[in-house]
Amino acid sequence: MITRIAQISDTHLSKGKPLFDGNFAPVQDAVRHTKPDLVIHTGDLSLDGADSAEDLRHGTAAMDALGLDWLALPGNHDVGDDAALGGKQPINAERLARWEDCVGPLHFTRDIPGWRLIGLDTQGFSANPAHRAIIAKAIASAGARRIALFQHKPITQEALDDTAVNYWPLLPSPRAELLTMFGEARPALIASGHVHQWRDRVADGIRHIWAPAIGFIVGDAWQHRVGEKILGWVEHEFHADGTHQAKLHRMPALPLLDIGEIPAAYGPMRSLD
Ligand SMILES: [Fe+2]
Ligand SMILES: [Fe+2]
C-alpha cells in the first residue's frame, strides 16, 4: 500500500498583485497528471495574506481548482512572522484567525498506512499554547506509526543544536520545545518550504526535505545558497512498511523569477541571511 502526496510550496498568489500566479497554472496541470492521493501546501500560499483576506481567499480558490484533496499550512506571508525577527507583520491572534476563516485549520493530523502525517504551523507554534498541546498529543499517540512533519519553515538550517536566529529556520526556542515533545523518538521526515531552495539530506537521524518554491527564487545577493535555487514541487511516496521515497519535479519551463528584482511584490530587497 502506497500513499502518494504532492508537496507544493511558496506560491505567493494574489488577486490584486498576480505577479507569480502565472507559475501556478503549469504546476496545477503537472500535479493533476500524477493523480496524488493528497496535496499538501507548505505555506506562503498567498502574497500578502498577513494583511489581506482577499489574497488568502484567492489562494484557497486556486487550491480548490486543483480538484484534489488538499491541506495547507500557513507561512510567514500568510499569517505574519515571529516578533523576535522584527518584521512589520508580527504573528497575532487576528492574523491566525484570518487564516482559519479564509483557508482552514492551522494544523492537521492525517493517518495513512504506516505513517502519521502532522501538519505543524511553525508561525503560530510559539504563540499558541493550545496549538502546542494538540501537536504534543498527536506525537504522543502515534503508536507504531512513523511520523512525518509538514511545516513552512525547516526545523533548522544545519543541525538541531544550531543557535542562529535568522529569517529562515524555526527559532531555537520553539525547536527545543518541539524536540522535547518527541523525546528519544525523532520524526522520520520533516518536509518544509519557506527557503525557496530544494534540498534533500539526512541529519540528526531525520530526513529533511526542503521543497523548492513555485513563485520565485531569492537571488544570491540576498540569500546564501545552501541548496538548489530552482522552481518545482515534490512527490512523496509513503509505504505501509514505514519506508518513504521522494521525487523532485523540476519545472524548467517556468521563468526563474528573482524576488530581489521585483520590488512591486514586497518593496526594496534587503539581505535575509
Ligand atoms: Fe515563500
Ligand atoms: Fe516563507
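Predicted model: local features only at pLDDT ≥ 70, side-chain atom pairs only at ≥ 80, totals over all residues.
Which strand does His-239 lie in? I looked, and His-239 is in strand E10, residues 232-239. Strands here are DSSP runs of E of at least two residues, helices are runs of H or I of at least four, and both are numbered from the N terminus.

Residues are numbered from 1 along each chain as its sequence is written, chains are lettered from A and ligands numbered from 1 in the order written, and side-chain values use heavy atoms, with hydrogens and water left out.

**His-239**

I checked burial next. His-239 has 17% relative accessibility, so it counts as buried (buried is under 20% relative accessible area, exposed over 50%, partly exposed in between, with a 1.4 Å probe and protein chains only). I then listed its contacts, meaning heavy atoms within 4.5 Å. Leaving aside neighbours within four places in sequence, His-239 meets Met-1, Ile-2, Pro-113, Gly-114, Trp-115, His-244 and Gln-245.

**Whole chain**

I counted 7 helices and 11 strands in the protein. The radius of gyration is 17 Å, close to the 19 Å from the globule rule for 273 residues, so the protein is as compact as a globular protein of that length. (That radius is over C-alpha atoms, and the rule is 2.2 Å times the number of residues to the power 0.38.) Buried residues make up 57% of the 273. Of the contacts between residues at least 6 apart in sequence, 70% join residues at least 24 apart.

**Cores**

I went for the nonpolar cores, which are sets of buried Ala, Val, Leu, Ile, Met, Phe, Trp, Tyr and Cys joined through side-chain atoms within 4.5 Å. The largest has 28 residues, and Phe-24 and Trp-99 are among those with the most contacts inside it. Strand E1 (2-8), helix H1 (21-34), helix H2 (53-64), strand E3 (70-72) and helix H4 (93-102) each supply at least two residues of this core. A second, separate core of 21 residues includes Ile-5, Leu-73, Ile-112 and Ala-191. Back at Phe-24, I found contacts with Ile-8, Thr-11, Leu-13, Ala-62, Met-63 and Ile-214, leaving aside neighbours within four places in sequence.

**Ile-155**

Last stop: Ile-155 sits in the loop between strand E6 (146-151) and helix H6 (172-182). Is Ile-155 buried or exposed? At 2% relative accessibility, Ile-155 counts as buried. Not counting residues up to four places away, Ile-155 touches several residues, including Leu-160, Arg-175, Ile-190 and His-208.
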